[in-house]
Amino acid sequence: MDTIESTYQGNAPIVLPKGLTWPGDEMQIPDWIYTDPQVAALEQERIFLGRHWNFVGLECEVPNPNDYIRSFVGAIPVVVARDADGAIHVFENRCSHRGAEFCRSYRGNGERFVCPYHNWTFDNRGKLVAIPFRRGVRGKGGMPDGFDMGEHDLRTFHVTTHNGVIFATACSDMESVEDYLGPEVLREFNTIFPGAEMKLLGIHRNTLPGNWKLYQENLKDPYHATLLHTYLTTFGLFVTSNESNVVTDQQGRHCVLMSRRPQGRPEVAKEEQADMQAFRQTMQLKDQRVLDYFREVDSPWTGSAITIWPNLSALRQQNILNTRLIVPRGPNELMMIWAVFGRATDDEAMVRHRLRQNNIFGPAGFLGIEDNEALKFVQDGLTRSLPRHGLAMLGDDREPVDTIITERAIRGMYRYYRQVMGF
Ligand SMILES: [Fe+2]
């Protein structure tokens, strides 16, 4: 069976289009990494097909034998399928005949995938198993002699799982996903994914008019939380005085933002209010239950937002548990696939609570919607104005970081990005 092999050898010289140079260090981020189509194409090769683990879905999305979902590795459409024996396979959603994206259902159950165009048929390991009229009709037409079905399977990715989370890579000698995350990030990752059985509550999909890296940045950026999000500050989920921490892996590509909310509505000091336009002292909730927090993990933090390079965000905020899969679609658009989940042991009331609380996040959530809009504003600014560079100068790069007024994680990500991309 063909596997997709990483094309990136780590030594090919980069020739940037004329005039594109990185201006100094990571405190300055040039516009062209968000807008240039050549950069977007190179990212597919060096990042999504490179030496990285890509998130493709959760095991609770394919709980039964022969379940499948559509997903993505970078911009490449794939199918994540569990075979009859329980093993998980990830293969390209591209017919080996004429290239059709053959799997049309977002999710389903079946042992066979039949391409709608000419009915070429594949099993759920990606093997080509049937070609209509392969030998022609009445001795005429059909495939040439010597045609070998075994040479035309779907191309597959290497797959691994950790505590119910599925990752795929084109790289044949990747380190384990645990080593890939590193010990600090893994520790927090395991509070969201402790290995307990998960229950899928729902999926959101949305597209945004912005570059995919802006979403990685957004989730590595605690600074904006109290400035953009009225809901967070006013109802005390996240204010500057909450205890917080920012942890990254050795290479700076993954990040965890942790915070602890005090019980009840926090006092917000006058001096902080002056810097927080979004704070609304008089606003009240009609239904307070949306803020209830039932402690369910052994962690001092009530919230943790994790970004795993290149395409996963995992969130535990109050009793919300979700993953976000970031799908690049050219330089100016991204798609988000959100999986909202609970534990298999949740009773009916806990499921209701998680779903009620999910209104905070999600594509149109009380605060999720603000990030969507902010990303659009950034992309508009980057594409419509004269080229310049953005700034990420807040905070310093020393550990540990117990303030949210920092852009350290964004700088770390771009330090790594520049290495991988050769910029
Ligand atoms: Fe945000």
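## Close-up views of a predicted model

Figure 1. Asp380 has a relative accessibility of 18%, so it counts as buried. Lys376 has 32% and counts as partly exposed. Elsewhere, salt bridges with shared partners build a network. Its members are Glu26, Asp397, Arg411, Arg415 and Arg418.

Figure 2. The structure holds 23 salt bridges. In one of them, Asp83 pairs with Arg125, and the closest N and O atoms are 3.4 Å apart. Asp83 lies in the loop between β4 (76–82) and β5 (88–92), and Arg125 lies in the loop between β8 (121–123) and β9, so the pair ties together parts that are 42 residues apart in sequence. Asp83 is buried, with a relative accessible area of 2%. Arg125 is partly exposed, at 31% relative accessibility.

**Figure 3. Glu175 and Arg253 link distant parts of the chain.** This salt bridge joins Glu175 to Arg253, with 3.9 Å between the closest N and O atoms. Glu175 is in the loop between β11 and α3 (177–181). Arg253 is in the loop between β13 (243–248) and β14 (255–260). The two residues are 78 residues apart. Arg253 is buried, with a value of 3%.

**Figure 4. Thr307 is a buried residue in strand β15.** Thr307 lies in strand β15. Its relative accessibility is 0%, so Thr307 counts as buried. Which residues does Thr307 touch, not counting residues up to four places away in sequence? They are Gln216, Leu219, Lys220, Arg253, His254, Cys255, Leu312 and Ser313. Met27 is 280 residues from Thr307 along the chain, and their C-alpha atoms are separated by 20 Å.

**Figure 5. Asp221 is buried and has no salt bridge.** Asp221 is in the loop between α5 (212–219) and α6 (225–228). Which side chain of opposite charge is nearest to Asp221? That side chain is Arg411, 10.0 Å away. A salt bridge needs a nitrogen and a carboxyl oxygen within 4 Å. Arg411 belongs to the network with Glu26, Asp397, Arg415 and Arg418. Leaving aside neighbours within four places in sequence, Asp221 is in contact with Leu257 and Ile410.

**Figure 6. The peptide bond from Trp309 to Pro310 is cis.** Omega for this bond is near 0 degrees. Pro310 lies in the loop between β15 (303–308) and β16 (312–317).

**Figure 7. Arg138 and Asn163 have positive phi values.** Neither residue is a glycine. Phi is about 50 degrees in Arg138 and near 45 degrees in Asn163. Arg138 lies in the loop between β9 (128–130) and β10 (156–162). Asn163 lies in the loop between β10 and β11 (165–169). Arg138 is exposed, with a relative accessible area of 81%. Asn163 is partly exposed, at 28%.

**Figure 8. Gly330 and Gln44 are 286 residues apart in sequence.** In space, their C-alpha atoms are 9.8 Å apart. Gly330 is found in the loop between β17 (320–328) and β18 (334–343). Gly330 is partly exposed, with a relative accessible area of 37%.

Figure 9. A compact globule of 423 residues would have a radius of gyration near 22 Å; the chain has 23 Å, which agrees. Its C-alpha trace spans about 85 × 60 × 35 Å along the principal axes. Of the 423 residues, 55% count as buried. The chain carries 46 positive and 53 negative side chains. The centres of these two sets lie 5 Å apart.

Note on methods:
Residues numbered from 1 in each chain as written. Predicted model: local features only at pLDDT ≥ 70, side-chain atom pairs only at ≥ 80, totals over all residues. Heavy atoms only, no water. Rg over C-alpha atoms; globule rule 2.2 N^0.38 Å. Buried < 20%, exposed > 50% of the residue type's maximum accessible area, 1.4 Å probe, protein only. Lys, Arg positive; Asp, Glu negative; His and termini not counted. Charge placed at Lys NZ, Arg CZ, Asp CG, Glu CD. Helix = DSSP H or I, 4+ residues; strand = E, 2+ residues; numbered from the N terminus. Contact = heavy atoms within 4.5 Å.
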